[in-house]
Amino acid sequence: MTNKIIKCMGLVLAFFTVSCDSYLDVNENPNNPEDAPISGLMINTTYESAYNVFRVGDITSFFVQYLASPNPGTATDTMEPVSHNVTWFNLFNAMTDIQVLMEKAEAQGASHYQGAAQILMAFNLGMAVDIFGDLPITEGFTFETVTPAYDDDAELYAMVMDLLDEGLANLGRATSVSIGDDDFIYQGSISQWVAFGHTLKARFLLHSGGSATEILQAVDNGFQSNADNASVSFFDQAVNPWYDIARDNASLLLGGWISEQFVEALDGTSYPVADPRLALMIGATDDDTYVGTTNGTGRGNAPEQGARSTLVPGQYYTSVTSPVLMATYSELKFIEAEASFATDRPRAYQAYLEGIAAHMEMLGVPQGEMDSYLADPSVGMGEASLTLADIFKEKYVALFLHPETWNDARRFDYQYRDMDLPGNLNPDLNGQFIRRLPYPDNEISRNGGNVPNVTLLDRIFWDE
Amino acid sequence: MRNLFLTCVALFSVMAASGQTITGKVTDTSGTPLPGVSIVVDGTTRGTTTDFDGNYAIAATQGDLLQFSYLGMKTIEVSVGNQNTVNVAMEEDAEQLGEVVVTAFGIAQEKKSLGYAVQSIDAESITQTKQANLVSSLQGQVAGVQITNSGGAPGQSARIIIRGVNSLDPAADNQPLFVVDGVPIDNSTIESASSARGMSNRAADINPADVESMSVLKGAAATALYGVRAANGAVIITTKKGKAGKTTLSFNTSVGFEDLNHRPVMQKKYGQGFNGEYDGDSFWPSWGAPIEEVAKIIPGHKYENNWDKAFETGVQTDNTVSISGGNEKTTFYASLGRFDHKGIIPYSSWDRTSAKISGSVILSDKFNMGASVNFSNSGGNRVPHDSYLENMMYWAETRDVRDYIKEDGTMVSYGANTNPIYQARFSTYKDDVNRVIGNVNFNYSPWEWLTLSYRLGTDYYSDSSTEITPGPKGIDGEEPLSSTGYIEERRINSRDINSNFYLTLNNKIGNDLTSTLRLGSDVFERKYDRLTSTGVDFVIPEFYNLNNTNQIFTSQGKSIRRLVGFYGDLMLNYKEYLYLNLTGRNDLSSTLPKDNNSFFYPSVNLGYVFTDHFEMPKWFTFGKLRASWAQVGKDTDPHVLGATFAAPDRYPLGGQVGFTRNSSFGDPMLKPELTTSVEFGAQLALFDNRFDMDITYYKSNAKDQIIPVPVSDATGFSSYFTNAGEIENSGFELVLGAHIFRDGDFKWRASANLSMNNNEVVAIREGIEEIVVGSQFGYAGSTVTMKLIKGEAFGNIYGSTYQRYGSDPDALHLEGHLPIIIGANGFPEQNGGQRILGNAVPKWIGGLRNEFSYKNWDLSVMVDFRADVEQYNQFDNFFSAFGKTSYSLARNDFRVFDGVLADGSPNTQSVWLGQGMGPDGRDYGAGYWRNYYRTISENFVQDASFVKLRNITLGYNMPESFIARTPFNSLRISLAANNIILYTPWDGFDPESFSAGAGGNAIGFTGLGFPGTQSYFLTFNFGL
């Protein structure tokens, strides 16, 4: 009898063991696929790249005093070492997806996807280097190590340039799959991707001290008009993030308050001329005036609504489906103006005027107002009187909310007219403006052995 | 191992069958069935034990003498006549130390025979605590078991940890398996995704009044039979069963009231504004001018006592009616319960309706079965306590927080502040859980030496929750809670199925050795499906439906986990004083990689009752030594392996769906975790059981920890699921009991337990310096982090410190003994690098219970404590940032900070603590409290020890003379009080509350959690 039991049990065990394998084979993820099409990655990386411009711009706009906090002593206003874990994550998350897209596109012979991905990589990487400096890139993305070493920021800039060159080359090759509506930036227009690539080359060469010839060559191949602007328009289902801030502020969830610096640069206070763009970019007070808020000191006795200028829903930058601008024709023109300033003053002056006009056209400034603004002697001062400060000032206006302005501000040593240090400045800055973001806490905690030890006054290589 | 099984099976070779089969039921004198009673035909090797319902069957012939023996009961001998049924009622034997505990699979065992520590509490000890949550009712009662109520919200979760945490994964469930009548149930806590709401742990669905007893199986030895799911121990719940005899009806009703049990000390002098100046529109609630001075100018301006007004008196009512009865063949039990709880934060509520029915049938001499089904409906309105208290923080103390709503229904506000009561009322989160827990079981004994048992159980629940935050009403000048409003509808369906089949083989080898062998297999499956739809931006205000929103986002999360286990359990009993238990189990888990998904783990334990071996002095009543060594494996969550892609829920956009690679990567070579534990213990009883004692030492090492290691985002992932560490827990547990007065009208029984736990992160994966378990915000660099560092303890809280003179720059620990460095500006300097400031795992926990009775009166007093434990007091950090703490009264003083300058010379500089321009003509900016004090975590990681009067109950049983004139058979009235803090150094709300909820391991942070409460109850128990 015992033998029978043993035999039975043996059989039962054998039966279970065989059937177990299939019974237990249920671990494939039912929620998330193991692979994604290049088209799906293109959709998300174009979207996220544009969103990253907002994420970074939402930090830097306080440093360059486009925006100011309604409350005194707010950390971004006062340039304290805020840990931007989320922005860091999103920059690397986008770059990871772009890396996957690049590899998949290459494997499929989809040269256009590969080229566009390389340009997006250059775009995000350059933006990240500009705010953080050294980054862990060459050992990154592939999970070969959990503690990737950092690359020197200057070397990363060389990598950005290589990516742009390779991307442009790939965009010129035959592709097995064509880009279409999965491209939220250009809906598959390859010539515009090429122009975007050259525009970015101009931008990064300008930071890193490229020669005028190099920069102007890139400019020539860059955007030809506002129609080429690199941007992602938002959706009813996913609203423009600046609109979101403006809408919240309208409901007294305060945010998007305009700095006094910006208002006074346009309302005739700092400069003799009132800029017609002011009313198209920011909201007026209840008295139909424009009043900014001083960075670092808050709104003082002002009520939470009606007495100060803020972002308001429905304007160019702040409508539900407004685009987030990644690079514009206007910016390119100011790059051209700065690059040719020393060598070709007439070209510089022409580009300066075209840069202003391009931004005004983008905002829809009436022709008459545009003409009279450009004719004002403080704006249309003539090529002999043009200064770099004029170029920087107009670029500052044209790149409203864009992170590139912080790069300009640092290159320009924050010499914008009337720009003062914020109130309640972080005492560790010893009375100076911030020069970089700190590495975020998450990265220090996870990769502390490699994270460079920096202060907020240590400069990015191109700022030294 | 297989060989061992075969050898064991071979032991059962000689089996004789003769004569007739005698069946029957063994009960105690009150009719309660006694499982595990050993029955032997005198002079033979034939023997059996009663099953779970006290039934037995044994072959015997006329004239045989049946011996019924059971620990704690007087042995009975019955001679077999011509009857086939022999029912026996056993009497308690005061001479013996008798205790039966229910162990794995609902098998009742004599505690005497166990080679490991186990502690059990009975129905009275459970219901007396007046806890609606079964987990909380264990508080202070069991050595080595730490129960922490995560807060005072109605229905809020309680966390149970046995002998320290075994899994370092911040999200791992370190809580024991809950088993109801042999069937494991789900005790997870699913927190609200968007805001802290104080959700329930699912064991709260069980009505404590239905529970007969709870046994806590602590070590791996005790739980080898349940496999991976019991790797943290098990709580074995036995529900009430019907008893043969008269049908009884009982009705219990109770009402309770509660209020805050502890609160921070706050300043009442300074009001709204900044720089010491009053400003009625200021965001700053307490940095303004003295309230008294402002009152001279503004009539009616006064301190509004908002912190009193913000909390109401909570009310609980609890009613249970139950009926039970049966005859020799069938028994039944049915109950209906209703619990209602309104919390101290306005609009917080939770209720539970429960119904239970169970029964058992003896179908024949060889076959019996039982079934039980428990239905419950629970849920309530979960207020957003975090934002409630945060908004209380910002609210000016001179504005009546109760004046919160205008006639048109919009919020009364100022300076863009949100009124907390308005938010609590309109920002709702309602959950509605329907749950069925049921099981059927069959026992078949073809021969008396063999029983086949099968148990099928299910735990099914649907959790339907709706979160609504209204948008603008469209009224000019209103301040809405959200600029768009949103509604989130979440539906969860979870189904557990547990199927367990086992054979029990009993044998007697010679006169001295008996054996019981169990062989079985069990299969577990959990299917879980969550669907969440969020609608944003209401088209028509105040009409809350997904169809009425402009944006809709949907996400789905499904999972399936399957486990198959094979096990064997051999118990050998030599002469009733030496007990050896060997177990082995092989688990297969669907969650692990195929090559690593099968794992075996054994255990062995030995119990030696030396008082039954040697002749001992008369006063030495009982003595046992025990030792055990055990291993247990642990798998991981389903669907974590490899890399996957996801479509974020904003898609489709313009008809396009984008994908992103998930930021979590699961090691394709993942192995199961393995915990190895050893335990030694002794159990003694002296002076005729007047004094008893149980002491246990344990040590466990859990290695190959499966942890989602946070990794640099630059790697392409943010978290890496891998085997990444080892944790060691060791400690001792002491249980003492004494019958101080046992005979006579006045009785006094005292029992105490004390536990100490040490733990250390022995290893973490090479190349990883630290693993962050969690962090909590603190202002301006005072954010604190719980992290794992090799060689340090689990539960350490890291944060910023004062700079200290002569400090070792590489030191991990706070060097509090060194002088603080004072900067050139006269204020202490901050060291931003994080150091260990405390540990959130209490080193010492314990409880003391005194039970007195005199005639019809009884009094029970239970005190528990925890010591050597710290917590991050986020409340204090906020209070100091907003000038609400009593110490911030020192805001217009001059102070010379105690410390040294950077060169080591003593600081002599006098500085002003206020804001703005000081009397000395220096601009002090935002002042000392904001610029310096609040930036240093060291100030806010505080001693969170306490001594609590956990429960005091005074009861009176109406005398017979009175009862005779009523329709009742019995009537008891009792008064009780709970959770009264007797001592704590903590300045704040109840230090027991923490923000993570029972599900998480980031326990060291108070957050802005729901404050703890003390409560008072009046209870009537009627018997019919």
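## From a helix to an interface

Author: This is a predicted model. Start with helix H6 (residues 190-207) of chain A. At 1.5 Å a residue, its 18 residues should span 26 Å, and the end C-alpha atoms are 26 Å apart, which agrees.

Reader: What follows H6(A)?
Author: A:Gly209 follows, and its phi is positive, near 75°.

Reader: What does chain A look like as a whole?
Author: Chain A has 16 helices and two strands. Its C-alpha trace spans about 110 × 55 × 45 Å along the principal axes. Of its 464 residues, 61% count as buried. Now take the contacts in chain A with a separation of 6 or more. Residues 24 or more positions apart account for 75% of them.

Reader: How do I read the interface between chain B and chain A?
Author: The size of an interface is often given as the accessible area lost when the parts come together. Here chain B and chain A bury about 6,300 Å² between them. Carbon and sulfur atoms carry 60% of that area. In residues, 87 of chain B are in contact with 72 of chain A.

Reader: How many salt bridges and polar contacts cross the interface?
Author: There are four salt bridges between chain B and chain A. One salt bridge joins B:Asp537 to A:Arg247, with the closest N and O atoms 3.8 Å apart. Between the two chains, 24 residue pairs are in polar contact.

Reader: Which elements of chain B supply the side that touches chain A?
Author: Several elements supply at least two residues each, among them helix H1 (2-11), strand S27 (513-538) and strand S29 (578-589) of chain B. S28(B) gives the most, with 12 residues. By type, the residues on this side of chain B are 44 nonpolar, 27 polar and 16 charged.

Reader: What about salt bridges over all chains?
Author: The structure holds 70 of them. For each one, ask what it links and how exposed its partners are. B:Arg263 and B:Asp308 meet at 2.9 Å, N to O. B:Arg263 lies in the loop between strand S17 (245-260) and strand S18 (273-274) of chain B, and B:Asp308 in helix H5 (residues 306-309) of chain B, so the pair ties together parts 45 residues apart in sequence. B:Arg263 is partly exposed, at 37% relative accessible area. B:Asp308 is also partly exposed, at 43%.

Reader: Which parts of the chain does the pair of B:Arg402 and B:Glu312 link?
Author: Their closest N and O atoms are 3.2 Å apart. B:Arg402 is in the loop between helix H6 (385-394) and helix H7 (420-426) of chain B, while B:Glu312 is in the loop between H5 and strand S20 (314-326) of chain B, 90 residues apart. B:Arg402 is partly exposed, at 31%. B:Glu312 counts as partly exposed too, at 25%.

Reader: Are B:Glu770 and B:Lys787 buried or exposed?
Author: Both are buried. They form a salt bridge, with the closest N and O atoms 3.3 Å apart. B:Glu770 is in the loop between strand S40 (746-764) and strand S41 (771-776) of chain B, and B:Lys787 is in strand S42 (residues 784-788) of chain B, 17 residues apart.

Definitions and conventions. Residues are numbered from 1 along each chain as its sequence is written. Chains are lettered from A and ligands numbered from 1 in the order in which they are written. This is a predicted model: local features need pLDDT of at least 70, side-chain atom pairs count only at pLDDT 80 or more; totals for chains, interfaces and linings use all residues. Side-chain values use heavy atoms; hydrogens and water are left out. Helices (H or I, at least four residues) and strands (E, at least two) are DSSP runs, numbered from the N terminus. The expected span of a helix is 1.5 Å times one less than its number of residues. Contact means heavy atoms within 4.5 Å. Buried area is the accessible area (1.4 Å probe) that two parts lose on being put together, summed over both. A salt bridge is a side-chain nitrogen of Lys or Arg within 4 Å of a carboxyl oxygen of Asp or Glu. A polar contact is a pair of N or O atoms within 3.5 Å; within protein, one must be able to donate a hydrogen and the other to accept it, and residues adjacent in sequence count only if both atoms are side-chain atoms. Ala, Val, Leu, Ile, Met, Phe, Trp, Tyr, Cys and Pro count as nonpolar, Asp, Glu, Lys and Arg as charged, and the others, Gly among them, as polar. Buried means under 20% relative accessible area, exposed over 50%, partly exposed in between (1.4 Å probe, protein chains only).
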